[in-house]
Every structure is written in structure tokens, then in C-alpha cells.
Amino acid sequence: MGTATAGFLASDSARFELTATRHRPNLPAEVTAIGSGIVDPAGDRGRMRYELFPNDADDSAFAEKPLEIAWTATDYWVRAAQDDSDRAWQHTTRARAPEQMNLIGRVNEEPVALLRMAAAATPADVRAGASAELDGRPAERWLVSVPAEVASDNFVPPDTYLGFSQIFGRSDLPLEVWLVAGTVVRIGYVLEREKAPYGGPDRLETWYDWSGIGGPIELEVPPPGEIEDVGAG
């Protein structure tokens, strides 16, 4: 598993699809976020589209229009993906985005952070899981225990990174890494709790499905004329 994740991090391009889902008793599964993007793991840059609560009504207080996010090792940009009246990119530094932009400034950190944490895990924190299938292909499953403080330092999970261990009563983040023919095809985690604010148990699943690994792809950076600077330093 370590060789596969280390090789992935050395690649110059990979595409992902994100799905985050919440499961609660006697209620249909709720898709809490979707996304897709391309990253250059070796160059620490990427671009993605992200949507929070995609199935909510447009006028819901929690509905978030699709967003486009782009980043390099030093800079971060975001704009509404479907708003012809306001297409300017908002810009800040990569270092300031997680706090200045709140959740939206952290979601771009998670895809590659999960792979970095898996690659850095010690043998004692990794074990083989039951085999699985993905799109009809046999897959190896590796279970990785990531200390809560390490996950928090990497802004994972993006919405609860400062307190997920208190919320879910865990000292670690339980990562799963799926390999097909020795290549990473899925990584994610499942968080469960018996008691939630509304009184019942729930389960939160976050999965990134990876494809198209390897081969340089130019990642377009927003042109200066379309940028509104909202923070520096």
C-alpha cells in the first residue's frame, strides 16, 4: 500500500470524483457534497468543482451553488461556477485560505492530504481489510489509522477538522485505501456516532475515486484581469 500511495504522490496528474453522504435511521441517504477535479500531486496544485448539499432546493439556507476552486503551492482562487453576473475569482494565499474562506478554503486540501497521510503511516497503523469490488474489478482494501492531530493538521475532515475526535469520540481517522492492480483507485473514510444532536446515530461517508493517473496536464491559473484580491500575506 505504501508503495502505491508514494508513487501516486510522485505523479504529475490525477483526476478525482468526490461523494460525501450522510446516513441516518429511517431517513433516505443524504448527499452532503459532491466534487470533481484534477490535481498535480508532485507540484501541489490543482483545480476542482465543489457543491455543498447538491440535492437541496435552490432557496435552502444550506444550498451552495457549484464553486470552482484553483490552487498552487502558494495561491488560492474561488468563484461561483454558475453565475454570469459575477464571474470574478476571489484570491488569497494558500496559507490563509483555510481560515479566511472557512470550509470552502479547506476542501481543496483534503484529496491529496488523505494520500499523504496514508503514505506516511507506520506499518503498525496499517492492516489489510476484506477484499472488495469497484466497477466490477477486484480491489485490495487497506485500513489506515491516522492520529487525530495529524488529520487536524491537514484540515481533515474539512468541516470538523478542529474537533472531529470530540464529535465522533475517536483518537484517529479511519482511512481506507483501495487498490486495483496495485494502483490507488479510491480513498476515503467512514465516521459513525451513536449520539447526535437530534438524538440518534448517524454515519458519514467520504470517498474520492481516482482515475487518469500520470501524464502531464496543464492546469490553468485564473488570469489577473478576472481576480478580486481578498487577502494577502
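Is helix H3 mostly covered or mostly uncovered? H3 is mostly covered, with eight of its eleven residues buried, where buried means under 20% relative accessible area, exposed over 50% and partly exposed in between (1.4 Å probe, protein chains only). The buried residues of H3 are Glu110, Pro111, Val112, Ala113, Leu114, Leu115, Met117 and Ala118.

The model is predicted: local features need pLDDT of at least 70, side-chain atom pairs count only at pLDDT 80 or more, and totals for chains, interfaces and linings use all residues. Residues are numbered from 1 along each chain as its sequence is written, and side-chain values use heavy atoms, with hydrogens and water left out.

The protein has five helices and 13 strands. These elements are DSSP runs numbered from the N terminus (helices are H or I with at least four residues, strands are E with at least two). Of the 233 residues in the protein, 48% are buried. Among contacts with a separation of 6 or more, 54% are between residues 24 or more positions apart; a contact means heavy atoms within 4.5 Å.

The largest nonpolar core has 47 residues. A nonpolar core is a set of buried Ala, Val, Leu, Ile, Met, Phe, Trp, Tyr and Cys residues joined through side-chain atoms within 4.5 Å. Tyr50, Ile69, Leu114, Leu173, Leu175, Ile187 and Trp210 have the most contacts inside this core. Helix H3, residues 110–120, gives the most to the core, with six residues. A second, separate core of six residues includes Ala139, Val180, Val185 and Trp207.

Ile187 shows what such a position touches. Leaving aside residues up to four places away in sequence, Ile187 touches Leu114, Leu115 and Ala118, and also Leu175, Glu176, Val177, Thr206, Trp207, Tyr208 and Trp210.

H3 also meets another helix. The axes of helix H1 (residues 2–9) and H3 come within 8 Å and cross at roughly 140°. Axes are lines fitted to C-alpha atoms, for helices over the stretch in contact, and angles run from 0 to 180 degrees between N-to-C directions. That angle makes H1 oblique to H3, since angles under 35 degrees count as roughly parallel, over 145 as roughly antiparallel, 65 to 115 as roughly perpendicular and the rest as oblique. The crossing of H1 and H3 is left-handed, a term used if the near helix is turned anticlockwise from the far one by less than a right angle, with right-handed used if clockwise. On the H1 side the contact is made by Thr5, Ala6, Phe8 and Leu9, and on the H3 side by Val112, Leu115, Arg116, Ala118 and Ala119. By class, this contact has seven nonpolar, one polar and one charged residues. Here Ala, Val, Leu, Ile, Met, Phe, Trp, Tyr, Cys and Pro count as nonpolar, Asp, Glu, Lys and Arg as charged, and the others, Gly among them, as polar.

Helix H2, residues 97–100, contains Pro98. Pro98 counts as buried because its relative accessible area is 2%. Apart from residues up to four places away in sequence, Pro98 touches Gly105, Arg106 and Phe155. Pro98 and Glu109 are eleven residues apart in sequence and 8.6 Å apart in space, C-alpha to C-alpha.

Phe155, one of the residues touched by Pro98, lies in the loop between H4 and H5. Phe155 has a positive phi of about 60° although it is not a glycine, and it is partly exposed, with a relative accessible area of 21%. The loop between helix H4 (148–153) and helix H5 (164–168) also holds Pro157. A cis peptide bond joins Val156 and Pro157, with omega about -15°.

Asp44, in the loop between strand E2 (30–40) and strand E3 (45–52), is another residue other than glycine with a positive phi, near 55°. Asp44 is partly exposed, at a relative accessible area of 22%.

Two loop alanines are exposed. Ala181 is found between strand E10 (172–180) and strand E11 (183–193) and counts as exposed at 79% relative accessibility. Ala181 and Pro138 are 43 residues apart in sequence and 8.5 Å apart in space, C-alpha to C-alpha. Ala95, in the loop between strand E6 (89–93) and H2, is exposed with a relative accessible area of 70%. Ala95 and Ala73 are 22 residues apart in sequence and 9.0 Å apart in space, C-alpha to C-alpha.
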